[in-house]
Amino acid sequence: MRIARNHIRMHRTIGEGYFGLVMEGEIYKKQTSWTRVAVKISKSHVEGSISLANEAVIMAKIGIHENVVRLLGVCHHKDSLLLIMEYAEHGNLRSHLLLQRNTNAEECTHSCPTQKAFLHALQVAKGMAYITSHKCIHGDLSARNVLVGAGNVLKVSDFGLAKDIHYYEFYKRKTPGIVPFKWTAPESLIDKIYTEASDVWSFGVLLWEIATLGGLPYPGVPIEELYELLTKRNYRMKQPPNCSKKLYNLMVNCWNELPNNRPRFSDLVGQTQQAMSELEKSDTLMQDAQRSGEVVTE
Ligand code: ADP
C-alpha cells in the first residue's frame, strides 16, 4: 500500500543500521486520527534504496502473522523510500534481554527464566515457520533483529538480507555485502548457500543469546578462527550457566554440521511447545507437593 507523504509524521530516531535509519512516527488513519508506527528510511545511496525496496517486497509477500513485524505501506519521498511498519514498543530483543539482567530475582520463581526462554523461542520459531512456509529465507536472524511488541509479543524483523526462494529452494548469494558471521551457518559462509536449514543454525545462536540474556556469541573466540573451529574441530558453544539441558539440546540440534539433520522450524515449534507444557506440569506437581507439605523449599 502506498501512503501519501503528508499522511506521515516523523519524530525521533530509534535505530540505525547499515543501509537505513529507523524513526518513530505516526500515520494518519481516516477518522481515527494518528497511529504510532516505525518508519525505515534508506540512506540516500542507491544500494540502500534497493535493499529497502527488496525488504518491502519480501515483507509484502510474507504477509501478516502475529510473530512477524507487519508492513503497513511504503512512501516515496524525493529520492528515498520510506517503509512504514507496525511499531514495536519495547525495541529489539537483545536490548530487552540485557534489561532483564537487572530484574530482581525475587520477582521470579526458579523456573520462570526457563519458561520465559521457551516462550521467546516458541514465538520466534512460529514467526520463522510462517516465513519459511512463504518460501522466504531471512538470512540475518539474531536477537537484534527480533522486536518486542505490546504484551511482550516477539516479532521477527529486518528483512534487509531476506530472499525469496520460491523457484529454487535455496538462495546462492552473489554480492559480497555484509555477513553476520557469528550467526551464519558454515555452509553459507563458504558456499554462500542460504536455506531454511541455515536460518535454523542462526536460530540456535539466537537461543544462546536468549539463554545468556543478550550475551555476545563465542566469547573469547577470535573471529578469524571460528570457521575452522566449527568445521574442522566440531567446536560448539558450551551450555551457558542457568540454561536448562532441554534448551541447550535444542540449540545444539540447530548446529548439526549436516543441514539436512537440523530440525525444521515447524519441528522447533512442536518441541518448544512440548517443553513448555512439561515445565508447566512439573511446576504444578511441585506446587501440589508444597501445599501438601511433601517438599520443603529453603
Ligand atoms: P537495519 O536493517 O538498518 O539494521 P533494523 O530493521 O534492524 O535496521 O532496525 C534497527 C533498530 O531499529 C532495531 O534494532 C530496533 O531497535 C529499531 N526498530 C526497527 N524497527 C522497529 C519497529 N518496527 N518498532 C520499533 N523499533 C524498531
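**Legends for a predicted protein model**

**View 1. The surface of the protein.** The accessible surface comes to about 15900 Å², and 54% of this area belongs to carbon and sulfur atoms. Accessible areas come from the Shrake-Rupley method with a 1.4 Å probe, and for residues only the protein chains shown count as cover. This is a predicted model, in which local features need pLDDT of at least 70, side-chain atom pairs count only at pLDDT 80 or more, and totals for chains, interfaces and linings use all residues. Residues are numbered from 1 along each chain as its sequence is written, and side-chain values use heavy atoms, with hydrogens and water left out.

**View 2. Overall dimensions of the C-alpha trace.** Along its principal axes the trace spans about 70 × 50 × 35 Å.

**View 3. Burial of residues.** Of the 298 residues, 47% count as buried, where buried means under 20% relative accessible area (1.4 Å probe, protein chains only).

**View 4. The two domains and their contact.** The domain assignment, automatic or from a database, gives domain 1 (5-86) and domain 2 (93-280). The contact between them takes 17 residues from domain 1 and 22 residues from domain 2; contact means heavy atoms within 4.5 Å. The centres of domain 1 and domain 2, taken over C-alpha atoms, are 25 Å apart.

Key:
Buried means under 20% relative accessible area, exposed over 50%, partly exposed in between (1.4 Å probe, protein chains only).
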